[in-house]
There are 2 protein chains.
Amino acid sequence: MPKIVDHDERRRTVARVAADLVIEGGVDAVTVRDVAAGAGTSTAIVSHYFRDKRELLRFTFAEAASRARRRVDAVLARDPADVAGLCEALLPLDDERRADWQIWFAFWGQAVADPALGAEQRQRVLDTRAILAAAVGAASPRLTAESADDESRRLLTLITGVAAQAVFDPDDWPPHRQRQLLDGVDGMAGLAAVAEVAGVAGS
Amino acid sequence: MPKIVDHDERRRTVARVAADLVIEGGVDAVTVRDVAAGAGTSTAIVSHYFRDKRELLRFTFAEAASRARRRVDAVLARDPADVAGLCEALLPLDDERRADWQIWFAFWGQAVADPALGAEQRQRVLDTRAILAAAVGAASPRLTAESADDESRRLLTLITGVAAQAVFDPDDWPPHRQRQLLDGVDGMAGLAAVAEVAGVAGS
């Protein structure tokens with residue numbers, strides 16, 4: 001009797017292995033053979049799911065984005081106006097979030113010269129900004145849509161700028177410092193102070 | 001009579017060709033053969049200057065950084081307190097500056113998994129922040145060194161965050177919008193307004 005295979009789960013497993021390889025050895029180090037070996041499967045199976053290395057990488061990048069999206073959705077399910085919580089979900093404050101940014105930087109390196117990946121990157125930025133703007137609007141109902149959009153632009157700019165430095169120099173960017181940079185955000189300064197007093201900043 | 005060869009110039013020519021290849025086709029597209037062809041020389045000559053592709057890429061990345069450094073030095077030669085001018089020198093406001101950021105994102109993609117490149121990236125961030133902090137201190141002599149450092153951190157965070165979005169979506173980030181994000185910087189808001197009125201924002 002044939003085994004019932006959860007195809008989505010298998011694709012995700014393959015993507016997780018590929019993500020680890022990207023972080024350890026860079027995009028160049030990702031080969032279908034190594035990914036298959038790491039996932040405990042065959043190159044034929046990996047090739048069945050992904051036409052080529054580019055498709056595999058694309059799915060790997062999308063998985064990192066989905067993981068971030070799940071963190072964001074969890075914040076919004078608790079409180080649709082929790083702007084500080086959204087920033088927390090996106091900043092590289094722990095190993096999981098740092099790994100997501102490492103994957104994204106690897107993705108950017110590819111997207112620079114790949115129009116389709118560049119378009120995906122643009123869309124992801126717009127989506128993230130829309131989520132931030134909605135939360136800003138929910139937190140401050142008197143703001144115009146334009147002001148909420150400006151604020152979301154400023155927030156994502158700060159988050160991205162912090163991540164770009166923190167990923168390569170985590171010692172210089174302990175969590176309280178990352179939060180400090182987002183000081184203007186309601187709740188972020190308080191969070192930084194609380195985390196520092198409690199010694200739970202992870203630094 | 002043997003030709004007199006300017007070795008530095010030749011290395012820079014090779015790096016320029018490699019930079020164009022990175023932007024057009026990504027790091028994967030850079031081959032010693034194509035670089036040699038583009039530079040009008042032989043693979044033997046390229047191999048003489050660069051041990052392997054990694055060394056060639058490393059020099060290419062360093063050249064993009066040097067180009068930015070020359071823009072920064074030109075600003076400081078005119079006015080060591082011109083913080084807004086430094087931001088202008090670094091933001092992707094035209095094709096040259098945008099190309100530098102494209103090269104850097106390609107570099108980050110490599111640096112994620114390469115400790116030596118990661119260390120270079122860390123050092124470049126620290127150097128750039130030191131330059132910004134010195135200018136901030138010169139512009140506002142009453143600031144403590146710590147405040148000037150905090151401000152330099154905030155500035156580089158904003159510049160990097162803007163660049164990370166603007167490079168992939170230049171239509172969404174015309175020069176006046178890039179400048180707007182740095183609104184708190186003395187002179188940036190004025191610059192944005194002037195550029196907009198004069199229609200010279202390049203947008």
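Predicted model: local features only at pLDDT ≥ 70, side-chain atom pairs only at ≥ 80, totals over all residues.
The interface involves 37 residues of chain B, which are in contact with 37 residues of chain A. The size of an interface is often given as the accessible area lost when the parts come together. Here the two chains bury about 3100 Å² between them. Carbon and sulfur atoms account for 61% of that area. Three residues stand out on chain B: Val112(B), Arg153(B) and Phe168(B). Together they supply 23% of the area that chain B buries against chain A, more than any other three residues.

Polar and charged pairs also link the chains. Ten residue pairs, both at pLDDT 80 or more, are in polar contact between chain B and chain A. Four salt bridges are counted between the two chains. One of the salt bridges joins the side chains of Arg129(B) and Asp172(A), at 2.8 Å from N to O.

Five helices of chain B each give two or more residues to the side that touches chain A. These are α1 (7-25), α6 (95-111), α7 (115-139), α8 (145-166) and α9 (175-181). The largest share, ten residues, comes from α8(B). By residue class, this side of chain B divides into 17 nonpolar, eleven polar and nine charged residues.

The relation between the copies was then examined. The same surface serves both copies, as 100% of the contact residues of chain B recur in chain A.

Terms used. Residues numbered from 1 in each chain as written. Chains lettered and ligands numbered in written order. Heavy atoms only, no water. Contact = heavy atoms within 4.5 Å. Buried area = accessible area lost by both parts, 1.4 Å probe. Polar contact = N/O pair within 3.5 Å; in protein donor to acceptor, adjacent residues only side chain to side chain. Helix = DSSP H or I, 4+ residues; strand = E, 2+ residues; numbered from the N terminus. Nonpolar A, V, L, I, M, F, W, Y, C, P; charged D, E, K, R; others polar.
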